[in-house]
Amino acid sequence: METVYQYLIVFITAIFVNNVVFSHILGICPFLGVYKKIDTALGMSGAVAFVLVLATLVTYLLQYYVLVPFGLAYMQTIAFILVIAALVQLVEIILKKVSPALYQALGVFLPLITTNCAVLGVAILVIQKEFDLVLGVWYALSTALGFGLALVVFTGIREQLNLVAIPKGMRGMSIALITAGLLSMAFMGFSGVDNGLKAFLGL
């Protein structure tokens, strides 16, 4: 039962308390860039989630079955980047064949997943937190959901802002950064939820 509670806490913490965008400040490029349509934001969220989970799985196995046994742990970052780049190419090929419309909608932001620090950051965090493989993948999935939540909420707000009169000097990136800051402050309201849940569950 304690293991189930641990998974629940990791899930809630990764999505709300330590959201990868608002807390770790990772994945800002697609967060600020993909805001024109909810459909595009959902597509980007799905692509990032797929790469994030798969990258965490592959990099975990790479770390503990190749790098550490052969004394190559110091090459962790370079090796992880190469793995992520290969996985992004795989996602591009799949999307181009399965959903050409989404592939076109994502445009330049799809290749940018290669340099999305959220993917690399989560892969490294899983190693640093010393999660086992299953919990590490669960953490990656939870983080991907948190990223998707942030992206979709932000996109929804941007769509609403397009319907109101914004002062000329505040249009574009200015209002986007202010909106992101306000969202970050809103998510700070979840601080301590994980500790409260642990106390409630007696962990």
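Me: In which helix is Thr56 found?
Reply: The model is predicted: local features need pLDDT of at least 70, side-chain atom pairs count only at pLDDT 80 or more, and totals for chains, interfaces and linings use all residues. Residues are numbered from 1 along each chain as its sequence is written, and side-chain values use heavy atoms, without hydrogens and water. Helices here are DSSP runs of H or I with at least four residues, numbered from the N terminus. By that numbering, Thr56 is found in helix 3.

Me: Is Thr56 buried or exposed?
Reply: Buried means under 20% relative accessible area, exposed over 50%, and partly exposed in between (1.4 Å probe, protein chains only). Thr56 has 2% relative accessibility, so Thr56 counts as buried.

Me: Which residues is Thr56 in contact with, leaving aside its neighbours within four places in sequence?
Reply: Contact means heavy atoms within 4.5 Å. With those neighbours left aside, the residues in contact with Thr56 are Val122, Ala123, Val126, Gly136, Val137 and Ala140.

Me: Is Tyr65 buried or exposed?
Reply: Tyr65 is placed in helix 3, which covers residues 38-67. Its relative accessibility is 60%, so Tyr65 counts as exposed.

Me: What radius of gyration does the protein chain have?
Reply: The radius is taken over C-alpha atoms, and the globule rule is 2.2 Å times the number of residues to the power 0.38. For 203 residues, a compact globule would have a radius of gyration near 17 Å; the protein chain agrees with this, at 18 Å.

Definitions and conventions. Helices (H or I, at least four residues) and strands (E, at least two) are DSSP runs, numbered from the N terminus.
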